[in-house]
There are 2 protein chains.
Amino acid sequence: MGVIEKLPTRVRKAAPAPAAKNLPLGQIIQGDCIAVMAALPDDSVDMIFADPPYNLQLGGDLYRPEGGRVDAVDDDWDKFDTLAIYDKFTRAWLAEARRILKPNGSIWVIGSYHNIFRVGTAIQDQGFWILNDIVWRKSNPMPNFKGTRFTNAHETLIWASKSEGSRYTFNYRAMKTLNDELQMRSDWLFPVCGGQERLKRGGSKAHPTQKPEALLYRILLAATKPGDVVLDPFFGTGTTGAVAKRLGREWIGIERETDYIEVASERIAAALPLDESALKTMQSPKAAPRVAFGTLVETGYLKAGSEICDAKRRWRAEVRADGSIEFNGETGSIHKIGAAVQKAPSCNGWTFWHHETADGLKPVDTLRQTYLLATEP
Amino acid sequence: MGVIEKLPTRVRKAAPAPAAKNLPLGQIIQGDCIAVMAALPDDSVDMIFADPPYNLQLGGDLYRPEGGRVDAVDDDWDKFDTLAIYDKFTRAWLAEARRILKPNGSIWVIGSYHNIFRVGTAIQDQGFWILNDIVWRKSNPMPNFKGTRFTNAHETLIWASKSEGSRYTFNYRAMKTLNDELQMRSDWLFPVCGGQERLKRGGSKAHPTQKPEALLYRILLAATKPGDVVLDPFFGTGTTGAVAKRLGREWIGIERETDYIEVASERIAAALPLDESALKTMQSPKAAPRVAFGTLVETGYLKAGSEICDAKRRWRAEVRADGSIEFNGETGSIHKIGAAVQKAPSCNGWTFWHHETADGLKPVDTLRQTYLLATEP
DNA sequence: TTGTTGTATGAATCTGTCG
DNA sequence: CCGACAGATTCATACAACA
């Protein structure tokens, strides 16, 4: 196992370039991905990116609080009768994927909690070697409208080499540079695909689950070299192809639906090679720090049950377990209660409320500063 | 399926409190967790938090599901045997965990990419229903010293109810309050356990994978009610017990190693419970007693024959003696008529309809608040 | 031209109770 | 088990409409 930024000569000879001449490079092949992959030669592609169906198992319609209906994924291609059938499908396409992958190649698969555990288990069972699990944190996820669970704000990617001893590609320097000279972590922050980037067809979205180009950009930059062959067995609207073209990688797409193939073809034809300025927006992986008052309670910087007061000790409030505070029977956030006691329309609770320290009263904001200093990634 | 902040009477009856009297509350039971759980009654605990081992090779020995050991030297173990044994172990303890969990209980399991996919698959296969996968982002992870992969900066938690239809506990308001009035997301940021919190024994860390109390604090606050019974089958140094005690939850620990039990016992003995007022959290309106619109009419808070309208005075309706309202000859509840005038599928009449006051238009919901305050016992 | 306000929407396993 | 109905519930972003 190890890192390759420059392939040693003997490996080059073991996987000679001429093999690529038989590959359908830069093409979208229509058909079932298992059957299409079966027709490709062993050990022939450098990387596989796969965004398989998630098997969402949704119930009835879901309505937003303001009345709109959520446009859910209700396509036939996402429906499987049982988990066993889904597993069988997963193992079948993974087996073909592994066969056509070069010995030093790697695979990326994206999923959500509905399917990613099945996929990860299958990947391990088939002899792939997991290198990382990566979390795509969405900066703008859909909320949980009914307040029944935590906002489902991320998806998971699995990165695995063909086998344990593989000398896979990982462009460590490129990733570190992309992350302001800090090692790139396993949690990535990107917005969901929308705006100009989101492909439309007849006024509505061309594909229900189009992935952002920034995500593929980071993946291809991290785990392939220029000229490498990237295969995407669930091509959809061709994000993988478009980004591969921009980054000077070869690509092969497999897709069943004619509509998606049309959209993807146009899109990739229009894709331009790398434009430095356009990349800027994709290169700010760091999240803006935001600390909730409740976090200070959870982490023990301020104890539940302790007392906070204003700078002149006119009002005293008690901190509760969930980060709300109580004053005279009224409860709410530090901001809301701060405003209420002053009969002001609003209040910055961070600077209004103070806590006792050895050096006298200090604004709770100083605790936030301390917390940030201690936890800044 | 749904959220419970207040259990309905019939469910209380189905899972009576007396059962808890037979449980070893506040105790650490020494032994193999599968055997110990096997001695606990069906449907008896409200929540299970589990931090199972992910490296099967501990002290050179390989664990077996039965709790016995295997000589790893004599046998020709490859990774597939290891995975199979791990799966067997996982399914065995999960099966016992599910049996002793109350029908409306839930389970949390934490792991990394080495084991979480096996665990997640087993959880789904055994009939648990996944509610969320949660990412614990570490603010100060161990760097990848060799620069061969992405910094492994997170761990994954799976939260699942006993079955699909379970009415699990989720304290939505408390989580929202804890997060500065924004829905709590599925990605959580905490530092790894260190400093004063990290338990030492003979100068070195007492346990290799001690979890931060802040993590357990959020989990218990989110998914249990005061007095609930929380079981931890891999108790270690007792973070679950210490936080449960602090938050007024009952706990049961299972642990094999005598050293860990000693450390955990001392730690929990020293933990201080929060007093009742600090323990209070923000409650959803769901948990408050219901007030019918008609009650406000009966009690004179709103006069029969008076007029209500929406916030922009587009629609006006008349209040009738039985608490129904009339708009353009159509009559029904405030919700039904509110939905009808907007041509929306549904509507919360409490916030949609307003009444005239000295301070201008106010939602009729404020009358309900006034009524509740006045009639509070 | 510029700022403000309103509306649309994103891989979602999204209610509770009573008859 | 199903239908009816009360009533609880949303964050970030893009873009159009409007001032």
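These are my notebook entries on what I looked up in this predicted model.

**Ground rules**

I number residues from 1 along each chain as its sequence is written, and I letter chains from A and number ligands from 1 in the order in which they are written. For this predicted model, local features need pLDDT of at least 70, side-chain atom pairs count only at pLDDT 80 or more, and totals for chains, interfaces and linings use all residues, while side-chain values use heavy atoms, with hydrogens and water left out.

**Entry: chain A overall**

I started with the domains of chain A. The chain is divided into domain 1 (27-282) and domain 2 (288-374); such bounds come from an automatic or database domain assignment. I looked up the spacing of their C-alpha centres, and it is 43 Å.

Next I took the secondary structure. Chain A has 13 helices and 16 strands. Helices (H or I, at least four residues) and strands (E, at least two) are DSSP runs, numbered from the N terminus.

Then I checked burial. Of the 377 residues in chain A, 54% are buried. Buried means under 20% relative accessible area, exposed over 50%, and partly exposed in between (1.4 Å probe, protein chains only).

I also looked at contacts (heavy atoms within 4.5 Å). Among contacts in chain A with a separation of 6 or more, 69% are between residues 24 or more positions apart.

**Entry: helix α11 of chain A**

I went to α11 (residues 334-342) and listed its buried residues: A:Ile334, A:Ile337, A:Gly338, A:Ala339 and A:Val341. I noted the general rule that an α-helix has 3.6 residues a turn, so residues three or four places apart point the same way.

**Entry: positive phi elsewhere**

Most residues other than glycine have a negative phi. I looked up two exceptions.

A:Asn55 has phi near 60°. This residue is in the loop between β2 (45-50) and α3 (83-100) of chain A. A:Asn55 is buried, at 3% relative accessible area.

B:Asp43 has a positive phi of about 50°. I placed B:Asp43 in the loop between α2 (33-38) and β2 (45-50) of chain B. Is B:Asp43 buried or partly exposed? B:Asp43 is partly exposed, at 36% relative accessibility.

**Entry: DNA strand D**

I turned to the residues around DNA strand D. There are 26 of them, and B:Tyr172, B:Lys176, B:Ser333, B:His335 and B:Arg368 come nearest. A residue counts as near if one of its heavy atoms lies within 4 Å of the strand.

I sorted this surface by class and got 9 nonpolar, 11 polar and 6 charged residues. Here Ala, Val, Leu, Ile, Met, Phe, Trp, Tyr, Cys and Pro count as nonpolar, Asp, Glu, Lys and Arg as charged, and the others, Gly among them, as polar.

Which part of strand D faces the protein? Of its atoms within 4 Å of the protein, 64% belong to sugar or phosphate and the rest to bases.

B:Tyr172 gives 2.5 Å. B:Ser333 gives 2.6 Å. B:Arg368 gives 2.8 Å.

**Entry: salt bridges**

I counted 42 salt bridges over all chains. The rule is a side-chain nitrogen of Lys or Arg within 4 Å of a carboxyl oxygen of Asp or Glu.

B:Arg185 pairs with B:Asp187 at 2.8 Å, N to O. B:Asp187 is buried, at 10% relative accessibility. B:Lys225 pairs with B:Asp228, the closest N and O atoms being 3.7 Å apart. B:Asp228 is buried too, at 8%.

B:Glu356 and B:Arg313 meet at 3.1 Å, N to O. B:Glu356 lies in strand β18 (residues 354-357) and B:Arg313 in the loop between β14 (307-309) and β15 (316-319) of chain B, so the pair ties together parts 43 residues apart in sequence. Both are partly exposed: B:Glu356 has 47% relative accessible area, and B:Arg313 has 39%.

I also noted one network, in which salt bridges that share partners join A:Asp87, A:Arg118, B:Arg91 and B:Asp125.

**Entry: B:Glu213**

B:Glu213 is in helix α6 (residues 213-223) of chain B. B:Glu213 is buried, at 17% relative accessibility. Leaving aside neighbours within four places in sequence, I found contacts with B:Glu197, B:Thr239, B:Ala242, B:Val243, B:Arg246 and B:Arg267.

Notes:
A polar contact is a pair of N or O atoms within 3.5 Å; within protein, one must be able to donate a hydrogen and the other to accept it, and residues adjacent in sequence count only if both atoms are side-chain atoms.
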